[in-house]
Amino acid sequence: MAKHPGPVLVDTNVILESYRIGAWRAFSGGYSVETVEDCVTETQTGFQRRRTEELIDSAALRTSLAAVHDVGDRERAEVLLRASGINLDIGEHSLWAHALIRTDGWVLCGPDKASLRFGVRSGFRDRLFALEQLLDAVGYRPKQPLKTAYTSKWLANTLSELVISEGI
């Protein structure tokens, strides 16, 4: 796969996994990585259960991101209208609220099944990427394996299942 030239929108899970495997510098240096305020906030919660090397400095994270976006009530309402029956958590809800107002060539990286269902239902299946694909395209080979939900195979299988279940 060629390296995606546009913005890569990421959820909290992708940030945490990238830090866990030591790939954040390569990932954020290889792409214009963007997220929303709620996802940055989520990286700072649950730290009590993380190993020292998995702790994320908020200021360093913000500096390494191309942008951190605020999301308003109007954008959130649009997601609510489209997400009937899909239980998005706050980070994914805000990330999709931001994505829906963009007109550029963004892609989204995040393994949350509710988020993926929303993407498929909203017609954005071709904009959903696995962390493994994106890291591979910038030449990063993790020393420790990615968790299954961040692999290309898992994403392809999950998207196929969602397309069938959504009747698309």
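A: Helices H7 and H9 cross in a right-handed sense. A crossing is right-handed if the near helix is turned clockwise from the far one by less than a right angle, and left-handed if it is turned anticlockwise. Helices here are DSSP runs of H or I with at least four residues, strands are runs of E with at least two, and both are numbered from the N terminus. The model is a predicted one, in which local features need pLDDT of at least 70 and side-chain atom pairs count only at pLDDT 80 or more, while totals for chains, interfaces and linings use all residues. Residues are numbered from 1 along each chain as its sequence is written, and side-chain values use heavy atoms, with hydrogens and water left out.

Two packed helices are described by the angle between their axes and the distance between the axes. Axes are lines fitted to C-alpha atoms, for helices over the stretch in contact, and angles run from 0 to 180 degrees between N-to-C directions. H7 covers residues 113–121 and H9 covers residues 152–166; the angle between them is about 60 degrees and their axes are 10 Å apart. H7 and H9 are therefore oblique to each other: angles under 35 degrees count as roughly parallel, over 145 as roughly antiparallel, 65 to 115 as roughly perpendicular, and the rest as oblique. From H7, the contact takes Lys 113, Leu 116, Arg 117, Val 120 and Arg 121, and from H9 it takes Trp 154, Leu 155, Thr 158, Leu 159, Leu 162, Val 163, Ser 165 and Glu 166. Contact means heavy atoms within 4.5 Å. Sorted by class, the contact of H7 with H9 has seven nonpolar, two polar and four charged residues. Here Ala, Val, Leu, Ile, Met, Phe, Trp, Tyr, Cys and Pro count as nonpolar, Asp, Glu, Lys and Arg as charged, and the others, Gly among them, as polar.

H7 also packs with H6, at an angle of about 25 degrees and with the axes 10 Å apart. That makes H6 roughly parallel to H7. The crossing of H6 and H7 is right-handed. On the H6 side the meeting residues are Glu 92, Trp 96 and Leu 100, and on the H7 side they are Ser 115, Phe 118 and Gly 119. The contact of H6 with H7 has three nonpolar, two polar and one charged residues.

H6 has a further partner in H5, which runs over residues 73–82; the two axes come within 8 Å and cross at roughly 100 degrees. H5 and H6 are therefore roughly perpendicular to each other. H5 contributes Glu 75, Arg 76, Glu 78, Val 79, Leu 80 and Arg 82, and H6 contributes Ile 90, His 93, Ser 94, Trp 96, Ala 97, Leu 100 and Ile 101. By class, the contact of H5 with H6 divides into seven nonpolar, two polar and four charged residues.

Some of these names return in the largest nonpolar core, which has 27 residues and in which Val 79, Trp 96 and Phe 118 have the most contacts. A nonpolar core is a set of buried Ala, Val, Leu, Ile, Met, Phe, Trp, Tyr and Cys residues joined through side-chain atoms within 4.5 Å. Buried means under 20% relative accessible area, exposed over 50%, and partly exposed in between, with a 1.4 Å probe and protein chains only. The elements that give two or more residues to this core are H6 (90–101), H7 and H9. Val 79 is in contact with Leu 88, His 93, Trp 96, Ala 97, Leu 100 and Phe 118, leaving aside its neighbours within four places in sequence. Apart from this core lies another, of 23 residues, among them Ile 56, Phe 129, Leu 134 and Leu 135.

Leu 134 and Leu 135 also touch Phe 27, whose contacts beyond four places in sequence include Val 8, Val 10 and Leu 131 as well. Phe 27 lies in H2 (residues 24–30) and is buried, with a relative accessible area of 0%. The C-alpha atoms of Phe 27 and Leu 135 are 6.3 Å apart, although 108 residues separate them along the chain.

Thr 148 is exposed, at a relative accessible area of 56%. From Thr 148 to Gly 91, C-alpha to C-alpha, it is 21 Å in space and 57 residues in sequence.
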